[in-house]
Amino acid sequence: MSPQAHFIVQDVIAREHDPRPAAEALGARITQLTGDPRGELLHKLDQDIRERGERPILFCSLHVAGWTRRCTKRLAAGVDLPDAFLRHGTYTPLIPRDWRLNQEGIYLPWGIIPERAEMLMDLYGGHLFIRPDSSLKPFPGFDIPNGGLLEEHRLRNATDHVDPGEMCFIAPALEIDALEYRAWVIEGQVVSIAPYSWTDAHLGVSDIPEAVVQRAGALARHLEIHRDCYTADFTIYEGEPRLVELNALSTSGWYPQADILSVFRAADAVFL
């Protein structure tokens, strides 16, 4: 018989979800974390879980996930954060071009971007999009106003303190709808899909387009030989579902329509 699962869920991931009913339905233990739990609290939890022989399964921020992997023994086994695979430049070539939102773009170190400003604008025009290659997201992706690359780079240096060697993906900025869909893929199966938006324009949306369901399933099958646990974010662009990005299972936020019981059940079978 497998040891009891112990779900550890940070509030910044759960958002308005209460994870307790899902954990209880599986006969699992649940610990909810608020604020920043790094330090004594997680060290104590790590010790308790080792003494009880439980299987930890974490859902937490990138900062907490990184700290847990560095500073704990048993808890670290419950973090799913495949840094290398989730680099944008690693998984993007594995995905068919017409499935991707950004079908054009190049990679440059952050510190070299000003030297290549003229080249970038010749390639893609003045309205650009920049995101980090790293799955650990040292800065959020952002659009650059038309012709404002050098000024935006200077301002980001002052506010985000980006390392000059940080590899970045630069592409033409696209006008997309503020409605996306997050798919949870575990063991190569899509176990839940939930819509989300960063504006109030789509409040209350619950329907998942069949095209998104089909594309999520196709992506899961396509990537299964490379990686079978992650989340995939899609949007509809030019009438087709396009992949925005992949993220780690442990560090992806939950949206209101997410089926957390299905996510827990599938994760329970993976974290041994």
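Me: Which element gives the largest share of the lining of the largest pocket?
Reply: Strand β5 does, with 3 residues. Bear in mind that this is a predicted model.

Me: Which other elements supply at least two residues there?
Reply: Besides β5, both β6 and β11 (240–247) supply at least two residues each to the lining of the largest pocket.

Me: And which residues lie nearest the centre of the largest pocket?
Reply: Phe 129, Gly 141, Ile 176, Glu 180 and Val 244, out of 20 lining residues.

Me: How much space lies in the largest pocket, and how do the residues of its lining divide?
Reply: The volume is about 580 Å³. The lining has 12 nonpolar, 2 polar and 6 charged residues.

Me: What volume has the second largest pocket?
Reply: About 320 Å³. It is lined by 19 residues, and those closest to its centre are Lys 137, Asn 247, Thr 251, Ser 252 and Gly 253.

Me: Which element gives the most to that lining?
Reply: Strand β11, with 3 residues. Helix α1 (11–14) also supplies at least two. The residues lining the second largest pocket split into 8 nonpolar, 6 polar and 5 charged.

Me: Switching to the sheet. What is the strand order in the open sheet of 4 strands?
Reply: The order is β4-β7-β5-β6, and the pairing is antiparallel.

Me: Why is one side of β4 and of β6 left without a neighbour?
Reply: Because β4 (106–109) and β6 (142–144) stand at the edges of the sheet, and each has a single partner strand. From one strand to the next, the twist averages 35°.

Me: How many bridges pair β5 with β7?
Reply: There are 5 bridges, in the antiparallel sense, between β5 (residues 128–132) and β7 (residues 167–172).

Me: Which residue of β7 stands opposite Ile 130?
Reply: Another isoleucine, Ile 170.

Me: What about helices? Which strands does α6 lie across?
Reply: Helix α6 (residues 117–124) lies across β4, β5 and β7. The helix runs at about 165° to β4.

Me: And which strands does α7 touch?
Reply: Helix α7 (residues 149–159) packs on the sheet and touches β5 and β6. The angle between the directions of α7 and β6 is about 140°.

Me: So where does β5 turn up, in short?
Reply: Strand β5 pairs with β7, is touched by α7, has α6 lying across it, and gives 3 residues to the lining of the largest pocket.

Methods:
Residues numbered from 1 in each chain as written. Predicted model: local features only at pLDDT ≥ 70, side-chain atom pairs only at ≥ 80, totals over all residues. Heavy atoms only, no water. Pairing = 2+ DSSP bridges. Axes fitted to C-alpha atoms, helices over the stretch in contact; angles between N-to-C directions. Contact = heavy atoms within 4.5 Å. 1 Å grid on protein atoms, 1.4 Å probe; cavity = no way out; pocket = protein on both sides within 12 Å on 5 of 7 lines; lining within 4 Å. Points joined across faces, edges and corners; volume = space filled by probe spheres on them. Nonpolar A, V, L, I, M, F, W, Y, C, P; charged D, E, K, R; others polar.
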